[in-house]
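Subject: Structure handover

Hello,

Please find the structure below, followed by notes on what was found in it.

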Amino acid sequence: MSLLLCRQEAVKRPYYVEALDVHLYSSQELCYVIYHHPLLVMEDFVDESLTGFIRDELNMEFLAEKLEKWAASGENPDEMLFAILSECAYYRPGEISQYRQQVAALRKKPAAEFQKERADYLFGIGQYGRAAQLYRSLLENPEYQGQEDAFAGAVWNNLGAAYSRLFQTAKAYDAFEKAYGCRKDGSLVKKMYMLSKLNPRLEDRLPALDEEKKRAWSKEFEKAEAEAAQSRAVLKLEQMFGRGETGRNEEAARLVKKWKKEYRSMV
């Protein structure tokens, strides 16, 4: 995330936004996060921790008190976001007005659609665990249990994708299988096949497959495995040539991240 700063505030203890893995050192950075990530901040973003940061680190006691009173009132929480944008004066009134319209449009969506959009957003920024929680919550709603419709199918598919990226192959397979029950999509069968290659215990659950497709998918999987093996070979070479302990640890972390990316490309 890149930021354009107009002024630097004397922040001793930055505010950590876990979902974005970023520390905020100024009111401008806070406004940037709010403005560009509405789906992140529209639910429980403004809390005691944030108001404490605004009061103690940004020295904006008036704004902190305003937010606390608004939170206690139980009225529309989105107004707290607008108050932060207005008081910090980082965005122009016209831009804040556009942001209001964007938030209002999101709030007008049906509750299930809004929750799925939030889950999709979290998935998009790599928050797979939180995304999976929201997808499961949607599917536990009696309105969607046991239904074979397009919406439920999309949620099951995305839940499977989230589990895949969490390396929970059995749960991912279950989700893709349920998605396939909602819509007979060949791409879902491919995902299940790839998961069965990673977890052979799933092979017996595969639907009937065309042999030509199996050969093609096997080649894709083998290619991904070969790329992962090459990455591991690089790590061994780095270790053999005696890099310092810190260098080896950094290289190992980098390659583990790369392997995870390669694994995710399989499914």
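At what angle do the axes of helix H4 and helix H5 cross, and within what distance do they come? The axes of H4 (residues 61-73) and H5 (residues 78-88) cross at roughly 170° and come within 10 Å. Axes here are lines fitted to C-alpha atoms, for helices over the stretch in contact, and angles run from 0 to 180 degrees between N-to-C directions. H4 is therefore roughly antiparallel to H5, a label for angles over 145 degrees, while those under 35 count as roughly parallel, 65 to 115 as roughly perpendicular and the rest as oblique.

Before the rest, some background. This is a predicted model, in which local features need pLDDT of at least 70 and side-chain atom pairs count only at pLDDT 80 or more, while totals for chains, interfaces and linings use all residues. Residues are numbered from 1 along each chain as its sequence is written, and side-chain values use heavy atoms, with hydrogens and water left out.

Overall make-up

The chain has 13 helices and two strands. These are DSSP runs numbered from the N terminus, with helices (H or I) of at least four residues and strands (E) of at least two. Of the 267 residues in the chain, 42% are buried. Buried means under 20% relative accessible area, exposed means over 50%, and partly exposed is in between (1.4 Å probe, protein chains only). Contact means heavy atoms within 4.5 Å. Among contacts between residues at least 6 apart in sequence, 53% join residues at least 24 apart.

H4, H5 and the loops beside them

On the H4 side, Phe62, Leu63, Lys66, Leu67, Trp70 and Ala71 meet Glu79, Met80, Ala83, Ile84, Glu87 and Cys88 of H5. Asn59 is in the loop between helix H3 (48-56) and H4. Ala89 is in the loop between H5 and helix H6 (93-107). Most residues other than glycine have a negative phi. Asn59, however, has a positive phi near 55°, and Ala89 has a positive phi of about 55°. Asn59 is exposed, at 63% relative accessibility, and Ala89 is exposed too, with a relative accessible area of 59%.

Cysteines

How many disulfides are there? The count is zero, where a disulfide is a pair of cysteine sulfur atoms within 2.5 Å. The cysteine sulfur closest to that of Cys31 is in Cys88, and because the distance is 3.8 Å, it is too far for a bond. Seen from Cys88, the closest cysteine sulfur is that of Cys31. Cys31 is buried, at 0% relative accessibility, and Cys88 is buried with a relative accessible area of 3%.

Aromatic rings

There are seven aromatic pairs. Rings of Phe, Tyr and Trp (its six-membered ring) pair if their centres lie within 6.5 Å; planes under 30 degrees apart count as stacked, over 60 as edge-to-face and the rest as tilted. One of the pairs joins Tyr90 and Tyr91, edge-to-face, at 5.0 Å centre to centre and 75° between the planes. Another is the edge-to-face pair of Phe123 and Tyr128, with 5.2 Å between centres and 70° between planes. Tyr91 is buried, at 11% relative accessibility, as is Tyr128, with a relative accessible area of 16%. Ring pairs also link Tyr35, Phe82, Tyr90, Tyr91 and Tyr99 into a cluster.

Charges over rings

A charge sits over a ring if NZ of Lys or CZ of Arg is within 6 Å of the ring centre and within 35 degrees of the ring normal. The charged end of Lys178 sits over the ring of Trp156, 5.3 Å from the centre of that ring. Lys184 has its charged end over the ring of Tyr180, with 5.4 Å to the ring centre.

Beyond its neighbours within four places in sequence, Lys116 is in contact with Tyr135, Leu138, Phe151, Ala154, Val155 and Asn158.

Arg107 belongs to H6 and is partly exposed, with a relative accessible area of 33%. Leaving out neighbours within four places in sequence, Arg107 is in contact with Met42, Glu43, Asp78 and Phe114. Arg107 and Met42 are 65 residues apart along the chain, and their C-alpha atoms are separated by 9.3 Å.

Regards
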